[in-house]
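Dear colleague,

Here is the structure I promised to pass on. My notes on it follow below.

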Amino acid sequence: MENLNYKEEIEKATSEVILENLRIKYLGRKGIINKLFEEIKTLPKEKRREKGQKINEIKKEIETLIDRKKKELKKIKKEEFFDSTLPGKSYPKGSLHPLTYVIEEIVNIFQKIGFIRVSYPEVEWEYFSFEALNMPKGHPARDDFETFFIEAKEHQKFGKMILSPHTSSGQNREMQRVKPPIRMINIAKTYRPNWDATHTPMFHQFEGLCIDKDINITHLKGTIDYFVKEFFGKERTIRLRPAHFQFTEPSFEIDVSCGICLGKGEVDGKKCRVCKSGWLELAGAGMVHPNVLKMGGIDPKVYTGWAFGFGPERCMMMREEMKIDDIRILYNGDIRFLEQF
Ligand code: FA5
């Protein structure tokens with residue numbers, strides 16, 4: 001009886017099946033304990049009681065040990081159970097913001113014709129957004145670019161710190177960085193306090209700047225034609241309207257035929273909610289003003305150039321297949337809209 005090994009055997013059991021076999025081995029009808037009880041009969045009478053008590057104690061101990069081990073194994077099984085037949089959990093997949101795809105596409109279109117993408121600060125000094133663009137302090141044209149000012153120490157030369165209201169602030173920075181020929185495409189976030197179906201306070205612009213010898217307005221028109229045909233399709237048309245920007249001369253607004261009403265100006269007998277006229281303004285453009293070239297250290301007698309500034313959100317809206325009639329949907333975080341991309 002002393003050499004019964006049940007404690008170690010039960011402790012080592014790694015499954016409920018092994019444990020059940022041990023129960024049968026020790027406690028079963030033909031098990032070791034019953035055999036021991038039977039052996040009692042062969043003992044002298046005075047020893048039977050003591051032996052019986054001892055066997056009973058061992059029996060109880062085996063029952064307790066098996067019980068405890070069973071619970072332990074059940075707990076482990078619960079924790080480790082893996083049912084490989086169950087369908088897997090699908091985790092929500094993220095994606096890039098639709099505008100990121102549009103920006104990549106725009107960059108590719110311009111890279112094909114030799115433009116280099118650059119990025120300039122979104123938190124900018126007044127100087128680069130205004131003075132360097134022929135809009136000295138106090139000039140009324142500065143009001144056209146409603147601006148968020150930052151409460152920070154003014155720079156002695158560059159003035160107040162602002163959130164850049166247009167990517168044209170990259171023009172002077174690019175002229176300081178490289179000498180002509182320049183083919184820049186500057187894409188960045190821009191900020192103005194507006195909020196309606198065609199304006200958001202944070203939006204993007206992409207600024208094209210081309211400076212070289214003998215550059216004229218036909219190169220500007222050709223480049224914009226190329227972009228519009230690549231991006232919107234051959235059937236969409238553009239028009240240039242005379243406009244005024246302090247940093248270009250002559251200046252234009254560039255409109256594209258509306259993708260919602262397809263240039264008609266109305267949908268189901270009602271004025272088109274987005275364009276109201278069949279056309280939507282996409283960009284400002286013009287020949288770089290000689291003063292701006294001078295501020296950038298470029299001799300306007302030797303070099304000429306053009307620039308344009310587009311809103312990629314507007315470009316996205318105006319794609320026929322998009323049918324976005326409110327620009328704000330891009331930034332209100334509605335996952336039902338965003339997950340389509
Ligand atoms: C400008 O910002 C000039 N810097 C463009 C330019 C560049 C002119 C180079 C000449 C030479 P404008 O304020 O018109 O121009 O803005 C240009 C485009 O940005 C608009 O046509 C429009 O597509 C987009 N845009 C302007 N404000 C918003 C806004 N709040 N939300 C969304 N898009 C906007």
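The side chains of N134 and N291 are joined by a polar contact of 3.1 Å. A polar contact here is a pair of N or O atoms within 3.5 Å; within protein, one must be able to donate a hydrogen and the other to accept it, and residues adjacent in sequence count only if both atoms are side-chain atoms. N134 has its place in the loop between α6 (126-129) and β3 (148-149). Helices (H or I, at least four residues) and strands (E, at least two) are DSSP runs, numbered from the N terminus. N134 counts as buried because its relative accessibility is 15%; buried means under 20% relative accessible area, exposed over 50%, and partly exposed in between (1.4 Å probe, protein chains only). Phi of N134 is near 70°, a positive value in a residue other than glycine.

Please keep the origin of the model in mind. This is a predicted model, in which local features need pLDDT of at least 70 and side-chain atom pairs count only at pLDDT 80 or more, while totals for chains, interfaces and linings use all residues. Residues are numbered from 1 along each chain as its sequence is written, and side-chain values use heavy atoms, with hydrogens and water left out.

D214 also has a positive phi, near 60°, and is a residue other than glycine. D214 is found in the loop between β6 and α8 (217-232). With a relative accessible area of 66%, D214 is exposed.

Now the ligand. Around the ligand there are 26 residues, of which H166, S168, R192, T200 and E281 come nearest; a residue is near a molecule or strand if one of its heavy atoms lies within 4 Å of it. A polar side-chain atom of S168 lies 2.8 Å from a nitrogen atom of the ligand. For R192, a polar side-chain atom lies 2.8 Å from an oxygen atom of the ligand. L282 has a backbone N or O atom 3.0 Å from an oxygen atom of the ligand. Taken alone, the ligand exposes 680 Å², and the protein buries 96% of that (accessible areas come from the Shrake-Rupley method with a 1.4 Å probe; for residues, only the protein chains shown count as cover).

Which elements give two or more residues to the shell around the ligand? They are β6 (202-212), β11 (279-288) and β12 (304-310). β11 gives the most to this shell, with five residues.

G309 has its place in strand β12. At 17% relative accessibility, G309 counts as buried. G309 and A13 are 296 residues apart in sequence and 76 Å apart in space, C-alpha to C-alpha.

Best regards
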